[in-house]
Amino acid sequence: MTYADPRDANYIASANQPHASALASDYTALGMQLERRGIKIDDITRAVANFKVAIPSWGVGTGGTRFGRFPGVGEPRNVFEKLQDCSVIHKLTGATPTVSLHLPWDRTDDYNGLREHGAALGLGFDAMNSNTFQDQPGQPLSYKYGSLTHTDAAVRAQAVAHNIDCIKAGALLGSRALTVWIGDGANFPGQTHLGRAFERYLESTATIYKALPGDWRMFIEHKMYEPAFYATVIQDWGSSLMAAQTLGPKAFCLVDLGHHAPNVNIEMIVARLVHAQRLGGFHFNDSKYGDDDLDAGSIEPFRLFLVFNELVEAELAKAPNFQPAHMLDQSHNVTDPVESLMTSAIELQRAYAQALIVERKALHGYRIGNDVLMAAQTLKRGFTTDVSPILAQARVTRGAAIDPVGAYRSSGYRAKCAEMRPGKQSLGGGIV
Ligand code: LRH
Ligand code: MN
């Protein structure tokens, strides 16, 4: 198989050529359809082209579960190769200019070099992610019974120090946020004092908060369960919001879609966090049962649309303190991670475009008049409109591919990586 660099502008232009006329006629047809609804298609395309989502560095390698991991070929072996794959995703979608790193998985002793490597690839760095849910080789104190909320102050101090290291590394990279997710909790009723554990969390995060540079934000990520299976210290948005409001104006709540019980109304949580001016951002993915970390929009696209509907309402209302950081957080166990991350970024743009074309004036009228059916139908019409031409046109305006997966596959990039990245992949269990 011949190899072509899928990031090369000429390669992308030639890959787009066979799709150009179909896109042009589909775009014109959709434009006329939306015109009849009083919507200018180019306005939507511009907004979609400006929509950005960060790639999780841990998502470009094949993920796994506790039962096993089946690595693909040509996997990135270090953070520099992870960035290379991220640049392919960005060049072919035009939607993912930043990467969210996870320490120590992405630790390097040359963060300035990493920053330059990223810049050369056209990439920046989004929120840093700390990790006190695993013990590292040679780590003095274990996180088996918790980290920021451990009963032993020395363990808490070790966890706090790690988070401050993440801030220091992030500052060298140009990141301006730290995401703190901890697995701390209990497997048995009685194992922990539910109130004091939360107080220890507030004490530890207050120290981390003090270390935040002036223009940084701290994202508190709640999760209902796993690895703790009875009680998790930051179990829900309520605990997260209480912590953010206690810590200070730089603390915000991060919503990982997979961190809720099935059927929880996540768009309602988003509406409340917007109201509280504490919506920091998202870890987008999809799930059917637990924290499945499946591709965004692959299981519940209507739910994703309803989340973006709340974001568009907030945007239109010019909600104060509203700058949500969008990130993907997925585990790609059976697909090529580059393909999954490209299609997932595009599914977020789809939900955003669908929310943008909702006829808000008519919807408002039906709501005020309690014309329930027409209100529901008017909202749903955004979701049932095929906005694919807008998404493809937005990519073209960014010099990206009309058919990213097609362009990626015909480039032979993965096969080339298999050649360039020899070496046995570890088979163990676990998400990375
Ligand atoms: C926890 C989580 C968190 C990351 C980890 C990789 O489930 O969502 O955001 O640190 O996955
Ligand atoms: Mn997450």
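The paragraphs below go through the metal site, the aromatic pairs and the charges over rings in this predicted model.

Because this is a predicted model, local features need pLDDT of at least 70 and side-chain atom pairs count only at pLDDT 80 or more, while totals for chains, interfaces and linings use all residues. Residues are numbered from 1 along each chain as its sequence is written, chains are lettered from A and ligands numbered from 1 in the order in which they are written, and side-chain values use heavy atoms, with hydrogens and water left out.

The manganese ion (ligand 2) is held by Glu221 through OE, Asp256 through OD, His283 through ND1 and Asp329 through OD, at 2.1 to 2.2 Å; donors here are N, O and S atoms within 2.8 Å of the metal (3.2 Å for Na, K and Ca), and since water is not among the atoms, sites may look incomplete. The six donor atoms around this ion subtend angles of 72 to 171°, which makes the arrangement octahedral, a term that asks of six donors that opposite ones be over 155 degrees apart and all others between 65 and 115. Along the sequence the donor residues follow the spacing E-x34-D-x26-H-x45-D. Aspartate 256 in strand β11 (residues 251-256) and aspartate 329 in the loop between β13 (325-328) and α10 (337-356) link distant parts of the chain, 73 residues apart; helices (H or I, at least four residues) and strands (E, at least two) are DSSP runs numbered from the N terminus. Aspartate 256 is buried at 0% relative accessibility, and aspartate 329 is also buried, at 10%, where buried means under 20% relative accessible area, exposed over 50% and partly exposed in between (1.4 Å probe, protein chains only).

Turning to the aromatic residues, rings of Phe, Tyr and Trp (its six-membered ring) pair if their centres lie within 6.5 Å, with planes under 30 degrees apart counted as stacked, over 60 as edge-to-face and the rest as tilted. The count by this rule comes to 13 aromatic pairs. In one of them, the rings of phenylalanine 133 and tryptophan 181 have centres 4.9 Å apart and planes at 55°, so the pair is tilted. Phenylalanine 133 lies in the loop between β6 (128-129) and α5 (153-173), and tryptophan 181 in the loop between β7 (177-180) and β8 (185-186), 48 residues apart. Phenylalanine 133 is partly exposed at 25% relative accessibility, whereas tryptophan 181 is buried at 14%. Phe51, Phe282, Phe284, Phe308 and Tyr352 form one aromatic cluster.

Lysine 250 lies over the face of tyrosine 209, at 5.6 Å from the ring centre, and the charged end of lysine 380 sits over the ring of phenylalanine 302, 5.7 Å from its centre; the criterion is NZ of Lys or CZ of Arg within 6 Å of the ring centre and within 35 degrees of the ring normal.

Key:
Four donors count as tetrahedral if all angles lie between 85 and 135 degrees; four count as square planar and six as octahedral if opposite donors are over 155 degrees apart and all others between 65 and 115; anything else is irregular.
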